[in-house]
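Biologist: Please put the model on screen. I will then ask what stands behind each term.

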Amino acid sequence: MTPPTLRFLGGKGGVGKTTLAAAVGLLESRRGLRTLVVSTDPAHSLGDVLSCDLGDEPRQLPGGLWAAELSGEIQARRRVEQVAHDAADAVPREVMPAVRQHLQRAADSPGTVESALLDRLTELIEQVPRHWDRLVVDSAPTGHMLRLLQLPDLLRPWIEGLARQRERARGADRMVAGMLGRSDDEPDPLLQRLHQRRDRMQRLAHRLRSDAAVHLVLLPERLAWAETVRAADALAAAGLRLGAPVVNRVVPPDESGLLAQRREQQDAVLAQVRHRFAADAVVEVPLLGGELVGATELGELVALLDRAGW
Amino acid sequence: MNAERFARLRAAWRSLERYHDELFVAPWRAGLQREARRQQDTLRALVMLESLGVDNPVAYETLDLIPHLVADLHAWHRRMGDEEFGDPGVCC
């Protein structure tokens with residue numbers, strides 16, 4: 001199987017997705033691949049892990065890796081500005097205040113930040129492989145990530161419905177125009193835009209299925225495992241490829257006392273993980289002493305992923 | 001003689017045509033125009049749901065349709081002879 005060019009790391013909050021995403025990014029970039037790692041979690045911590053300031057625009061770190069913290073709000077604002085700017089040339093000046101109000105209301109509607117985030121991610125995905133060899137996405141907690149990955153399939157029928165409605169309206173219009181002896185055969189800008197939007201969603205859904213892998217990250221605990229199973233089922237049902245899962249903070253076998261007890265519990269979970277993901281090599285990351293912050297400290301994790309065949 | 005009869009016949013045909021147009025074609029045309037408007041209104045309502053206070057799951061995806069739909073509405077009320085239409089924030 002070809003290595004996925006788009007990798008998503010998903011899992012519950014606090015399991016170490018961000019740290020792993022950073023490590024995967026570092027690994028790929030050290031191999032000489034143009035790699036961008038982005039965080040989509042509104043509560044960003046990628047900058048903290050890589051110990052640098054990050055924003056919505058990708059910036060290059062000293063080692064060669066590029067990183068960004070994506071923001072749905074910024075993207076939504078940017079798009080409203082873009083649409084208003086384009087409209088200024090296309091519609092009468094006196095309706096512009098109303099246009100702006102309608103745009104603002106639409107941009108404030110629930111779901112917009114999510115859609116905007118997906119839109120920004122789509123832009124970046126479309127830059128692979130032209131600008132980037134690898135894109136690593138540190139996703140928001142499971143539910144959020146699932147929704148983000150399923151969004152193209154949820155939205156497409158809506159856009160198609162709107163396009164059909166517009167076609168019906170155009171059809172009725174043309175019939176009247178034809179009877180009055182006017183001809184009205186110019187391409188319809190609205191219909192064109194709806195079709196562009198639909199095609200973009202379609203391309204994205206296709207890319208996610210063909211080029212992406214989702215790596216679920218979990219701690220070796222029973223509750224975390226239950227959620228991971230649900231996420232894995234939902235992702236598989238959506239036709240997405242599951243990459244090797246990562247079990248983080250595994251207690252080494254030579255511990256004694258309290259940690260030895262933990263070890264017994266986690267063995268039961270690990271057995272289930274290996275059973276479920278038999279085909280993939282499960283990556284076990286041992287419980288490490290220090291906190292993993294900064295590119296040098298991440299080195300150990302990078303080496304581990306390298307050995308695991310990532 | 002023949003020419004005169006021909007002209008009379010033609011005039012009769014014209015009035016018949018006019019009669020037919022008023023009685024049958026005009027209402028049909030009006031119905032179609034009404035239908036065209038209704039379809040446009042449906043689309044406008046679907047895209048601008050949040051202006052009606054309804055959540056629209058594809059609001060973000062259809063942002064770039066809004067200026068055109070407002071412009072259509074503007075052109076329509078101008079054709080109807082209203083210089084201004086609705087509250088500020090609806091059109092102009």
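Modeller: Among contacts in chain A between residues at least 6 apart in sequence, 75% join residues at least 24 apart; contact means heavy atoms within 4.5 Å. This is a predicted model, where local features need pLDDT of at least 70, side-chain atom pairs count only at pLDDT 80 or more, and totals for chains, interfaces and linings use all residues; side-chain values use heavy atoms, with hydrogens and water left out. Residues are numbered from 1 along each chain as its sequence is written, while chains are lettered from A and ligands numbered from 1 in the order in which they are written.

Biologist: Why is A:Arg197 called buried?

Modeller: Buried means under 20% relative accessible area (exposed is over 50%, partly exposed in between; 1.4 Å probe, protein chains only). A:Arg197 has 10% relative accessibility, so A:Arg197 counts as buried. Buried residues make up 50% of the 310 residues in chain A.

Biologist: What makes the pair A:Arg197 and A:Asp119 a polar contact?

Modeller: The term asks for a pair of N or O atoms within 3.5 Å; within protein, one must be able to donate a hydrogen and the other to accept it, and residues adjacent in sequence count only if both atoms are side-chain atoms. The side chains of A:Arg197 and A:Asp119 are joined at 3.3 Å, so the pair meets the distance limit.

Biologist: What makes A:Arg193 and B:Asp64 a salt bridge?

Modeller: A salt bridge needs a side-chain nitrogen of Lys or Arg within 4 Å of a carboxyl oxygen of Asp or Glu. The closest N and O atoms of A:Arg193 and B:Asp64 are 3.8 Å apart, so the pair qualifies. Across the interface of chain B and chain A the rule finds three salt bridges.

Biologist: How much area is buried between chain B and chain A?

Modeller: About 4,000 Å², with 71% from carbon and sulfur atoms; buried area is the accessible area (1.4 Å probe) that two parts lose on being put together, summed over both. In chain B, the residues losing the most area to chain A are B:Tyr60, B:Glu61 and B:Leu63, together 19% of what that side buries.
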